[in-house]
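The sequence and structure come first.

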Amino acid sequence: MVNYKIADESLAEKGKEALYIAENKMPVTAKVIRKRFEKEKPLKNITIAGCLHVTKETGILARTLKAGGAEVYLCGSNPLSTQDDVTAALIQEGINVFAWHGNTDEEFYWCIKQCLKAKPNILIDDGGDMIVTAHQEYPDLISSGTIIACQEETTTGVKRFRAMDKKGVLKVPLFPVNDARCKNQFDNELGTGQGIVSAIYGMHVLFAGKNVVIGGYGHCSSGMALRARGLGAIVTVTEVDPIKALQAVFAGFRVQKIEDTLPNAEIILTATGCKHVIPPTIEMFDKLKNGVILGNLGHFDIEIPTKELYEYAKEIKPIRQNVEELIFPNGKKVYLLAKGRLANLVLSEGHPSEVMDMSFALQSLMSEYIVKNKDSLKPGMLEVPTDIDDKVGFLKLKSMGIEIDKLSEEQYNYIHGFLEGT
Ligand code: RBV
């Protein structure tokens with residue numbers, strides 16, 4: 001029996017089409033790994049709960065985990081990123097889904113709890129909300145050993161779990177899949193990077209010649225700065241980390257304090273993982289240029305001070321899908337994308353299938369690794385083994401028909417030795 005609560009079962013045919021497109025662009029997850037999983041069933045008798053953006057790409061991951069023998073439960077990791085057509089298709093395939101676009105905060109946590117009630121053995125989280133809920137409200141799942149280990153998909157979630165670990169309150173073995181090279185150097189830089197087009201989807205805006213401010217210069221935001229420049233924008237970066245700020249300077253970007261960028265910025269896009277990139281004060285809001293577009297591509301809706309902007313606005317007008325015009329008391333207008341939530345997921349379809357292939361290949365192989373090593377995993381932050389990361393890299397190259405060189409024995413000994421010098 002499939003358990004679910006979704007928006008509209010009649011959307012299944014459209015969802016199947018979306019999954020078909022993703023399937024073909026995700027050969028590592030959908031073909032190579034799935035084929036082996038079908039034969040070997042490494043996830044037999046295992047229940048996996050994913051709190052992820054329920055997109056066509058996540059659907060491909062769910063299919064592969066199921067092919068490996070797992071019972072799969074999905075709930076959304078953001079109230080606005082669920083693709084309702086995909087959920088309708090997935091329940092027909094026996095995947096349990098509790099997710100619909102536009103759920104309230106209360107419904108969001110209700111969906112997470114439906115997944116936890118299924119007593120999952122592995123949690124795959126995106127942002128940390130499901131694993132934190134398990135700690136707070138379902139401690140028995142942890143103390144009884146039902147949860148073997150957890151995997152985290154995104155930088156914000158990893159940051160939360162590192163803080164929990166430091167305080168000694170992280171009670172599960174946690175693999176920060178986000179930190180694997182095949183994840184953060186591709187999904188974060190290219191996926192979030194290309195996500196700046198959400199501003200184009202939102203307002204049909206021309207980037208060329210615009211003053212664009214990118215909040216942050218980490219893996220995600222540096223990708224965004226590069227893409228904005230590629231579109232001809234005049235890009236300014238804001239940072240708090242001196243090294244990242246220098247990297248931005250030497251990559252040819254202007255670096256300024258956020259406050260100093262506000263009067264000229266025509267588009268401001270953030271992906272820092274931190275709150276209040278634009279300080280939440282009326283003084284700052286009044287510095288914003290009339291007509292500025294504000295968008296966030298980080299996990300939570302606190303980078304652009306959404307709540308405070310709504311409070312300050314005397315009028316909030318939805319003007320296009322997922323775009324609101326906020327009119328300030330002095331008549332100034334600013335345009336807010338996706339209510340300050342992940343514009344790259346809400347306004348477009350999320351990160352493209354080609355990069356999600358690598359992230360979800362890692363999630364698939366890590367699920368298998370957890371089952372194989374279940375007796376030796378200790379609570380706390382662990383690491384994705386390098387050989388699994390390399391394996392995904394090799395499989396991705398192979399799927400693209402690209403071969404690379406292999407070290408000879410002599411070369412291997414050279415780079416691992418110290419005796420040969422001048
Ligand atoms: N993300 N998933 C998708 N198409 O399913 N797109 C982006 C998708 C993930 C990505 O891995 C990132 O780390 C996270 O969403 C941010 O919440």
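The text below goes from overall shape to cores and then to helix pairs.

This is a predicted model, in which local features need pLDDT of at least 70 and side-chain atom pairs count only at pLDDT 80 or more, while totals for chains, interfaces and linings use all residues. Residue numbers start from 1 along each chain as its sequence is written.

**Overall shape**

The protein has 19 helices and 16 strands; these are DSSP runs numbered from the N terminus, with helices (H or I) of at least four residues and strands (E) of at least two. Its C-alpha trace spans about 70 × 65 × 45 Å along the principal axes. The radius of gyration is 22 Å, which agrees with the value near 22 Å for a compact globule of 422 residues. That radius is taken over C-alpha atoms, and the globule rule is 2.2 Å times the number of residues to the power 0.38.

Of the 422 residues, 50% count as buried, where buried is 20 or more other C-beta atoms within 10 Å of the residue's own, exposed is 12 or fewer, partly exposed is in between, and C-beta atoms are placed from the backbone. Among contacts (C-beta atoms, placed from the backbone, within 7 Å) between residues at least 6 apart in sequence, 74% join residues at least 24 apart.

**Nonpolar cores**

A nonpolar core is a set of buried Ala, Val, Leu, Ile, Met, Phe, Trp, Tyr and Cys residues joined through C-beta atoms within 7 Å. The largest one holds 72 residues, and I48, L74, C115, L123, A361 and L362 touch the most other members. Helix α17 (residues 353–372) gives the largest share of this core, 11 residues. A second, separate core has 46 residues, including V212, A225, L294 and V346.

Beyond its neighbours within four places in sequence, L74 contacts G50, L52, V54, T58, A62, I95, N96, V97 and A99.

Axes are lines fitted to C-alpha atoms, for helices over the stretch in contact, and angles run from 0 to 180 degrees between N-to-C directions.

| Helix pair | Angle | Axis distance |
|---|---|---|
| α17 and α18 (residues 386–399) | about 135° | 10 Å |
| α9 (residues 181–194) and α17 | roughly 150° | within 9 Å |

α17 and α18 are therefore oblique to each other, whereas α9 and α17 are roughly antiparallel. Angles under 35 degrees count as roughly parallel, over 145 as roughly antiparallel, 65 to 115 as roughly perpendicular and the rest as oblique.

In α17, D357, M358, A361, L362, L365, M366 and Y369 meet I388, K391, V392, L395 and K396 of α18. On the α9 side, C182, K183, F186, D187, L190 and G191 contact V355, M356, M358, S359 and L362 of α17.

Conventions. Contact = placed C-beta atoms within 7 Å.
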